[in-house]
Amino acid sequence: MEHLMSKEEIRKKLKSNFDKGLKEEEAEARLQEFGKNILSQKKKENIIIKFIKQFNDFMIIILIAAAAISAIMAKIDGTGDYIESIIIIAIVVFNAIMGLVQENKAEKSLEALKKMSAPVAKVIRDGEQKNIDGENIVPGDIVILEAGNYVPADCRLIQSFNLKIDEASLTGETVPVLKNAEAKLNSDTVQGDIVNMAFATTMITNGHAKAIVTKTGMETRVGGIAKAIIEDEAPQTPIQKKLEEVR
C-alpha cells in the first residue's frame, strides 16, 4: 500500500535515489528479477476451438442429450415431430454464440489495455535523464511524467506541479484527477482518491511530475485487471444463468 507510505519510506524500501535514480547495472539486475514491464496476453485459440468449448458445461450437455432423446423417440413413434429437438439445439447453439461473443469482448479489452502502455519513458539513471523503452522500466526507477504521455508504471509521486491524470481506464471516471505528491492518505482511501500516486496506462492531461516506480507489469493496478481477464471464466450467458437456477 505505497500510497500510505511517505516518500522517504518508499525511497528506502526501493533503495533508490530521488536525484540520481538507479545505476544502470542495478536497473539491469532488477529487470532480470522483476521481468519486463508488460501485460501478459491470453493464449489465443482458434475460433472453432473456442466455439466447441462453449458446450463444455454439464447442463448444456444434458440439454443436448434431451434433444437427442426427443428426436429418437419421435423417430421410434413415427410421429416425425422433431420441433422440440430443433428448438433445444437452436437454444444451445445460440448460447454458444453468445458465449463466444463475450469471450471475444474480453480479449479485445485486454488488447486495449496493452495499447495504452507507454512505449517510451523518461527516467533518471546515473544522474542523467534518459529516454528508454517503457518495457524496461523497473521498480525504483525515477520517472519524469509530462502532459500528453501515458504513465509507464505504478508510481509514488515525489514532486507534482498542477498534475492532472485521466484515470478512466481504471475507475471509469472521465474527469481528470488533480494529483498531489504531498497528500497523506488513510487505508480507507478508494482508488479514485489516491492522489499521491500515478498508475500505469492512465494519461497525463496537464502539468508534470517526478515519481518513483513502485510496481511494473502484471503487479500494477491495471495488471490486476488484465489478470482477471486472463484467468476468470467468461461471464455466464442468460441460458446458463437460468440453468444454474434449476440445478
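Student: How many aromatic pairs does the rule count here?
Tutor: In this predicted model, the count comes to one aromatic pair.

Student: What makes Phe51 and Phe55 a pair, and why is the pair called edge-to-face?
Tutor: Ring centres must lie within 6.5 Å, and those of Phe51 and Phe55 are 5.3 Å apart. Planes over 60 degrees apart count as edge-to-face; these planes stand at 85°, so the pair is edge-to-face.

Student: Why is Phe51 called partly exposed?
Tutor: The class lies between the limits of 20% and 50% relative accessible area. Phe51 has 27% relative accessibility and therefore counts as partly exposed.

Student: How do you know that S1 and S2 pair, and in which sense?
Tutor: At least two bridges are required, and S1 and strand S2 (residues 128-133) have six, in the antiparallel sense. One of the bridge partners in S2 is Asn131, which faces Lys122 in this pairing. The two strands form a hairpin with two residues between them, and Asp126 in the turn has a positive phi of about 55°.

Student: Which residues of helix H7 are buried, and what puts them on the same side?
Tutor: In H7 (residues 221-231), Val222, Gly223, Ala226 and Ile229 are buried. They cover an arc of only 115° around the axis, which puts them on the same side of H7. In general, residues three or four places apart in an α-helix point the same way, because there are 3.6 residues a turn.

Technical notes: Residues are numbered from 1 along each chain as its sequence is written. This is a predicted model: local features need pLDDT of at least 70, side-chain atom pairs count only at pLDDT 80 or more; totals for chains, interfaces and linings use all residues. Side-chain values use heavy atoms; hydrogens and water are left out. Buried means under 20% relative accessible area, exposed over 50%, partly exposed in between (1.4 Å probe, protein chains only). Helices (H or I, at least four residues) and strands (E, at least two) are DSSP runs, numbered from the N terminus. The arc is that of the directions from the helix axis to the C-beta atoms. Rings of Phe, Tyr and Trp (its six-membered ring) pair if their centres lie within 6.5 Å; planes under 30 degrees apart count as stacked, over 60 as edge-to-face and the rest as tilted.
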